[in-house]
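Reader: I would like a close look at one part of this model. Please take me through the aromatic rings and what surrounds them.

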Amino acid sequence: MRRDARPGRRRSALVGLTVAGLLATTTAGVAQAEDTDEPGATVPVSFTGPESYALSLQAQDPPPGESSFEIGLRAPGDPDPDGDGTSHPIHRGDWTVTIDATALDGVADVHLPCDAEGLVATCSGYEIYAGEVHNQDWGIGLGVSDESAAGDTGAIVVTGQGEGLEFTRHTLDVLVGGPEFRMRRPVEPDGFAAGDVFKARMAFRNVGGVAADGVVLRFTGSRGLTFPQKFSNCAYAKENEDNLIRMRHVALCTFEGTFEAGAAYRVATPVKVKAADFALRDTFAYRFTALDPADAGNLRGAGTYRQGGGKKLTLEPVQGGGTYVTYAEVDLPSSNTYDLDLVGDRVKGAQGDTVQATVTLHNRGPAWIGALRSGGEPVDFTVQVPEGATVVNPPADCSPKDRENGRVVSFWCGGDTPFLENTTREFTFGLRIDEVVEGALGEASFPGWEDPNEAEPGNDTGWIVLNGTGEEETPGDTAGTGGPDDDGSGNGGSDGSDDATTDGGVAGGADDSGADSGTDTDGGSLALTGTGAMTLGGFALALLAAGGTLLVVRRRGAVPATVPTDDAAA
């Protein structure tokens, strides 16, 4: 419900509302569960939801039916005590929750749920469940009103009451028109290739209504991108090392000072980003955040951070235009290739026998296949069943495709990604020989879409030969000939040497020249993770995390990268 009556306005200074606090989205804690079976025992209930909200002056009211954030309930205990997916109330009895937004009168438009009078909403219920999933929640919408101005502050106070319940008061602080950054969009330079060094001229513009007191820069690279320079005001880590999709090489840099509203700033020294020899559509992303340097730890993920050495990375004002965006990222490089190779098998048996035939999918490199923007979309191919045989034990990653007279005659198979350079995937079929047919063939092949990153299409077909004579024609099959590291150990690939350097292009940006500084290092060994943009395998849908654009990913084709990664939104 929209409340537009504004008899007065309350504008206060930013007392007690640090930018760090307004960026936090932590929720209130919960007391330990009490034994609610005891007579007179009360159930502690807390509210979930953000503790602060920064309302952009560029923001519009949420669309009908949507909200800016939600407030919910959380109670102690196991939400699934029986382990069968069911939950039972831990409390029954009338209760009410009051959402009081009167402090936002004249500060922002407020959309409240439930029964609301003015800027106060009263919500009611009867049952309380352990945890938060099964409990009620309520959406609250905030928008800029005609009276909103930069620096306005207010709060929403949420309280509750009910017999046998003890609610923890929850306060959500609101700041209007605080510091708000847009990042300059990086662009892959012409001719950039694996092994090159991208010189990232990272920059931001403060489009908010007030100056920022301190800035923190977080920049990340997926598996194939590392940072050979180390700066003394930056800390470095590898996050999510056990997950190829989410792993990041991370740098977190702090800058003190005042960064004025309407002004733009950039790093005084372009930061080197090294692309490994196996890199293909790995993602470099960065984001500046208005944050006190002392609170930089709020932007750290799971990883052990080590402070850099060498010179200090600094910021300088920049004039002129440029394309500034919410998510600053670029996939590097787009021109590398891999060699996908399907290898078949030759097996023999008598009528009634069951034999094992293996189709092997190789990636002979030099590039890996990250499929990072599709979240690990598999590399798909089809396998025809040889004449006279029935598949009685298909591989786990294969499913029936075509049937003739009730018999499955072909299978869809998918090779998991990320698919490292110089590694293999094996698909073993149990074939029951119903009738001995000399030289029966089963073709393994990729779909017919053109793949611009495939270096050797000529070996994209493999053959299962059942009871062969040795005279069968199996075009495209490499007959098991292997490449380096063909045991599938996955140890291929390295950072390589710093043999080429390319200036990082910036869309519509200013001059990107600048002397290198900082301490060069060897980059270290690479963890097995990434966020590139190669998307292969069965039809997939990847949604923009914040933009709402739908990207359709096709098998065996390179798709322009448009989906922001988790990093960019961090």
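**Aromatic pairs**

Author: A search of the whole structure finds 19 aromatic pairs. Rings of Phe, Tyr and Trp (its six-membered ring) pair if their centres lie within 6.5 Å; planes under 30 degrees apart count as stacked, over 60 as edge-to-face and the rest as tilted. Phe181 and Phe204 form a tilted pair, with 4.4 Å centre to centre and 35° between the planes. Phe181 lies in strand 13 (residues 181-184) and Phe204 in strand 16 (residues 203-206), so the pair ties together parts 23 residues apart in sequence. Strands (E, at least two residues) are DSSP runs, numbered from the N terminus.

This is a predicted model: local features need pLDDT of at least 70, side-chain atom pairs count only at pLDDT 80 or more, and totals for chains, interfaces and linings use all residues. Residues are numbered from 1 along each chain as its sequence is written, and side-chain values use heavy atoms, with hydrogens and water left out.

Phe181 is buried, at 5% relative accessible area. Phe204 is buried too, at 0%. Buried means under 20% relative accessible area (1.4 Å probe, protein chains only).

Both rings belong to one aromatic cluster, which also includes Phe192, Phe198, Phe219, Phe227 and Tyr265.

Arg223 also meets rings. Its charged end sits over the ring of Phe278, 3.9 Å from the centre. The charged end of Arg223 also sits over the ring of Trp368, 5.0 Å from its centre. For Arg, this requires CZ within 6 Å of the ring centre and within 35 degrees of the ring normal.

Notes: Helix = DSSP H or I, 4+ residues; strand = E, 2+ residues; numbered from the N terminus. Buried < 20%, exposed > 50% of the residue type's maximum accessible area, 1.4 Å probe, protein only.
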